[in-house]
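Subject: Handing over the structure

Dear colleague,

I am passing this structure on to you, and below the view you will find what turned up when I went through it. Please keep the sequence and the model open while you read, so that you can look up each residue as it is named.

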Amino acid sequence: MADLPHLHLGGRVLDANLHLLDRQVLDADGVPVGVVDDVELRDVTGGGRGPTVVGLVVGGGLLTRVFGGRGPITPRHRIGWRDVAAIDTAVHLGRRAENLPIAWADRWVRERIIGRLPGGRHAPR
Amino acid sequence: MLLGDLMRRPVTSGDDLVGFVVDCRFVVDGPPDGLLASARIAGLIVGDRHREAFLGYERTGVRKPLPLAWFFRRRERLAFLVAWDDVERIDAHGVHLRDGWTRWSAAITRGD
């Protein structure tokens, strides 16, 4: 097969499987938030500029990876594209995890369980 | 719609099966949307049903060692890029391309 022509795109190019899916998501402090499981799109019709990325779907994909199918996507799994600050070996957010809905489980365990244990409210000495 | 709903869908041109969606190429080139520019789908990487990205080396121009470079060049030829402009419609049966669609290289080169 002869070499195919190259389509030049003005802007940063990302391939979903290579650069987005399964990438770890880190918050503004470098704290892991989850792993990119899917990408949410808008205006998925043929032709034109192409569907726009609305956000990333993070976490909650373990069971579907093992058993297939698509599980329910709740708001706490969504991270808006507006919150993405950079993409390299990980996806870096411009917000702290504590301000994201996905971190509610971590917050709940920290406040309701660990926080009630002796010494659970401060760093180890 | 989620990207996962597009992946592995059959791609057809008329009555001919062209391949299957194995990856999706985004480009970040829109107006500012938060901290980055907005991103959109620029095209679909089409290959046969079992074609997966092999660590990405087949698209990123590996030159050495030579045996691996030869191997990845062969894999690169089995997948190609279809620009979103050439997508006529998407329905329950898959992705349908318009007449006269163009087959582009799936390689990501410097400057992209």
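At 49% relative accessibility, Asp22(A) counts as partly exposed, and its place is in the loop that runs between α1 (16-20) and β2 (24-26) of chain A. Although Asp22(A) is not a glycine, it has a positive phi of about 70°. Please bear in mind throughout that this is a predicted model. Chain B has a residue with a positive phi as well, namely Arg8(B), which has a value of about 65° and is not a glycine either. You will find Arg8(B) in the segment before β1 (10-13) of chain B, where it is exposed, with a relative accessible area of 53%.

Chain B as a whole

The secondary structure of chain B comes to one helix and seven strands, and along the sequence these elements follow the pattern β-β-β-α-β-β-β-β. Chain B has 112 residues, of which 50% count as buried. If you take the contacts in chain B with a separation of 6 or more, 49% of them are between residues 24 or more positions apart.

One residue to look up here is Ser105(B), which is found in strand β7 of chain B. Ser105(B) counts as buried because its relative accessibility is 10%, which is under the 20% limit for that class. A polar atom of the Ser105(B) side chain lies 3.1 Å from the backbone nitrogen of Ala107(B).

Where the two chains meet

How many residues of chain B are in contact with chain A? There are 47 of them, and they are in contact with 44 residues of chain A. The size of an interface is often given as the accessible area lost when the parts come together. Between chain B and chain A the buried area is about 4100 Å², and carbon and sulfur atoms give 61% of it. Across this interface there are 19 residue pairs in polar contact, together with three salt bridges.

On the side of chain B that touches chain A, the elements that give two or more residues are β2, β3 (36-47), β4 (80-83), β5 (87-91) and β7 (104-105) of chain B. Among these, β2(B) gives the most, with 10 residues. Sorted by kind, the residues on this side of chain B divide into 27 nonpolar, seven polar and 13 charged.

Strand β2(B) also takes part in a pairing between the chains, for β1(A) and β2(B) pair in the antiparallel sense over four bridges. To see one of the partners in this pairing, look at Leu14(A), whose bridge partner in β2(B) is Phe26(B).

Salt bridges

Over all chains, the count comes to 11 salt bridges. In one of them, the side chains of Asp15(A) and Arg25(B) meet at 2.7 Å, taken from N to O. Asp15(A) lies in strand β1 (residues 12-15) of chain A, while Arg25(B) lies in strand β2 (residues 16-33) of chain B, so the pair joins two chains. Are these two residues buried or exposed? Both Asp15(A) and Arg25(B) are buried.

Another salt bridge brings together the side chains of Asp33(B) and Arg82(A), at 3.0 Å from N to O. This pair, too, crosses between chains, since Asp33(B) is in strand β2 of chain B and Arg82(A) is in the loop between β5 (78-80) and β6 (84-87) of chain A.

Finally, salt bridges that share partners join Arg49(A), Asp29(B) and Arg40(B) into one network.

With best wishes

How values were computed
Residues numbered from 1 in each chain as written. Chains lettered and ligands numbered in written order. Predicted model: local features only at pLDDT ≥ 70, side-chain atom pairs only at ≥ 80, totals over all residues. Heavy atoms only, no water. Salt bridge = Lys/Arg side-chain N within 4 Å of Asp/Glu carboxyl O. Buried < 20%, exposed > 50% of the residue type's maximum accessible area, 1.4 Å probe, protein only. Contact = heavy atoms within 4.5 Å. Buried area = accessible area lost by both parts, 1.4 Å probe. Polar contact = N/O pair within 3.5 Å; in protein donor to acceptor, adjacent residues only side chain to side chain. Nonpolar A, V, L, I, M, F, W, Y, C, P; charged D, E, K, R; others polar. Pairing = 2+ DSSP bridges.
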